[in-house]
Amino acid sequence: MKINKPLCEAVFNYEKEKVYPLHTPGHKGGRGMDKSLLAALGKRAAAIDVSLMSELDDLHCPEGCLREAQELAAELYGSDRCFFAVNGTTGAIHAMLISALKPGEKVLIPRNAHRAVAGALVIGGLEAIFLPPEYDESFGINTQITAEAVAKALTSDPNIKAVLITSPNYYGMAADLKAIAEIAHSRGAVLLVDEAHGAHLGFSEALPPSALQCGADACAQSTHKTLGALTQCSMLQVQGERIDVQRVAAAMSLLTTTSPNYLLMASLDAARAQLAEKGAEMAEAALAVAERLRESLRSVEGLEILDSRVLARSEVAAFDGTKVTVNVAGLGITGIEAGNILRENGLDVELVDRNNVLFLLTYADDNEEINSIINKITEIFQKIKNQNKPILQPSANYELPVAQQVLPPRQAFYAEAEDVAFCEAVGRISIEQISFYPPGIPVIIPGEMVTKEILNYCQRMLALGLPVSGPRDGTLAKIQVVKQ
Ligand SMILES: Cc1ncc(COP(=O)(O)O)c(C=O)c1O
């Protein structure tokens with residue numbers, strides 16, 4: 001069966017015509033590109049870095065090949081409308097929130113949301129009601145939110161207009177989106193899902209159901225994270241009547257460059273075509289290699305591996321087994337140290353934290369190298385185990401501290417600012433958001449008060465060597481606060 005790739009085909013056809021470019025981009029099909037960059041990209045990639053040709057349609061008003069490509073993606077995922085996003089899921093989340101809500105309206109958000117959500121609060125002038133997610137002490141990670149907690153929050157504040165859930169989370173744990181969708185809808189709120197880690201869901205019963213299958217009104221998916229699109233390529237899906245799709249189109253257009261990169265957009269078309277051709281096969285291949293890694297690591301005494309046993313937790317409705325989270329504290333090292341040792345051995349992982357290393361496996365790992373890679377990882381861990389280091393005891397609680405919102409995020413973002421020493425900022429209102437990346441979950445966002453707990457948490461994360469994302473001063477010696 002031939003799978004259509006209308007956008008890819010339009011781009012390739014344009015290239016074949018060898019039209020001389022008397023227009024942007026300035027490198028003119030690679031002719032003027034830095035030679036080393038051209039060699040790395042390849043001549044064809046440079047030649048198809050084109051934009052704004054009538055044959056290639058217009059992302060801001062798609063009527064041709066781009067519209068067809070987006071329609072095919074909507075059909076495949078089962079949404080009513082799909083928007084290609086070239087500013088990652090960050091851009092899709094911004095558009096999703098500012099189109100679903102008006103300034104001053106309230107959105108319910110479990111606190112383990114990505115920093116993109118905090119950005120949308122500022123851009124859209126939205127008010128957030130944060131809920132603390134559940135916490136797993138043995139891995140030291142936040143898990144999900146229960147449907148009961150969502151129901152309780154919506155009951156106590158009937159003015160909440162939207163619920164935004166991150167599902168699955170970084171570690172593959174999915175919330176009970178079906179129940180949450182029913183609860184939200186019955187209270188007149190929409191359900192928005194940050195499905196950055198779930199663009200591959202919905203194609204195999206062995207994976208959690210997708211947000212759309214569970215009844216979400218919109219979801220933002222990082223096609224680049226678990227599928228074949230180029231980095232920075234995502235999709236925003238909308239279904240049903242609760243969200244005005246024309247407003248979503250307007251928000252996407254407002255937030256998107258007028259010169260979107262066709263290599264990026266064609267990669268979304270190509271990734272969708274791969275899924276259409278063999279989505280189930282891809283999902284099962286990813287699950288199989290992840291299970292092989294898990295199985296191999298189970299032979300190393302001291303490692304604790306996150307697996308479907310996590311479903312015993314009532315807030316976790318489904319588990320995506322393509323994420324392999326390994327707690328290395330039993331080997332006497334931190335996740336950060338384990339990540340460094342793996343890197344010294346030519347391996348790079350998705351995420352590290354105090355206790356854990358997260359290996360992300362996709363359909364593309366079903367290759368000839370993977371068995372030797374799995375053996376290498378297992379041997380590295382076994383070697384560390386053989387050093388018989390004392391088990392790393394939990395030194396502190398790594399649960400996200402509860403922050404207190406004093407000013408709406410947008411008001412704080414635009415407030416008159418002053419720099420203060422972070423260690424003296426307790427009681428002051430932050431203008432900045434502070435996250436440790438990955439996972440990029442803010443400890444504090446604009447408008448929240450710096451507390452002793454937040455200060456201690458940040459200092460513990462810094463001491464572990466985790467990179468800071470958000471504030472001007474990445475060392476966190478100083479922080480910008482609202483001027484008194
Ligand atoms: C849960 C979550 N949401 C959103 C994003 C942002 O996605 P992107 O990097 O595609 O902008 C990330 C990125 O890591 C994420 O983990």
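Reader: Is E448 buried or exposed, and why?

Author: A residue counts as buried when its relative accessible area is under 20%. In this predicted model, E448 has 0% relative accessibility, so E448 is buried. E448 belongs to strand β20, residues 448-449.

Reader: What does the side chain of E448 reach?

Author: Look for pairs of N or O atoms within 3.5 Å. The side chain of E448 makes a polar contact of 2.5 Å with the side chain of R111. The E448 side chain also comes to 3.0 Å from the backbone nitrogen of I445.

Reader: Now the ligand. Where does the ligand sit?

Author: The ligand is in the largest pocket. Around the ligand there are 15 residues, and the closest are T89, T90, D194, H197 and H224.

Reader: Which side chains have an N or O atom 2.6 Å or 2.7 Å from an oxygen atom of the ligand?

Author: For T90 the distance is 2.6 Å, and for H224 it is 2.7 Å. With D194, a nitrogen atom of the ligand is 2.5 Å from a side-chain N or O atom. The protein covers 89% of the 390 Å² of accessible area that the ligand has on its own.

Reader: Which helix gives the most to the shell around the ligand?

Author: That is α5, with four residues. Both α5 (88-100) and α9 (223-226) supply at least two residues each. Sorted by class, the shell has nine polar, four nonpolar and two charged residues.

How values were computed
Residues are numbered from 1 along each chain as its sequence is written. This is a predicted model: local features need pLDDT of at least 70, side-chain atom pairs count only at pLDDT 80 or more; totals for chains, interfaces and linings use all residues. Side-chain values use heavy atoms; hydrogens and water are left out. A residue is near a molecule or strand if one of its heavy atoms lies within 4 Å of it. A polar contact is a pair of N or O atoms within 3.5 Å; within protein, one must be able to donate a hydrogen and the other to accept it, and residues adjacent in sequence count only if both atoms are side-chain atoms. Accessible areas come from the Shrake-Rupley method with a 1.4 Å probe; for residues, only the protein chains shown count as cover. On a 1 Å grid over the protein atoms alone, a cavity is a set of points where a 1.4 Å probe fits but cannot get out, and a pocket is an open set with protein on both sides within 12 Å along at least five of seven lines; lining residues have an atom within 4 Å of a point. A molecule sits in a cavity or pocket if more than half of its atoms lie within 2 Å of its grid points. Ala, Val, Leu, Ile, Met, Phe, Trp, Tyr, Cys and Pro count as nonpolar, Asp, Glu, Lys and Arg as charged, and the others, Gly among them, as polar. Buried means under 20% relative accessible area, exposed over 50%, partly exposed in between (1.4 Å probe, protein chains only).
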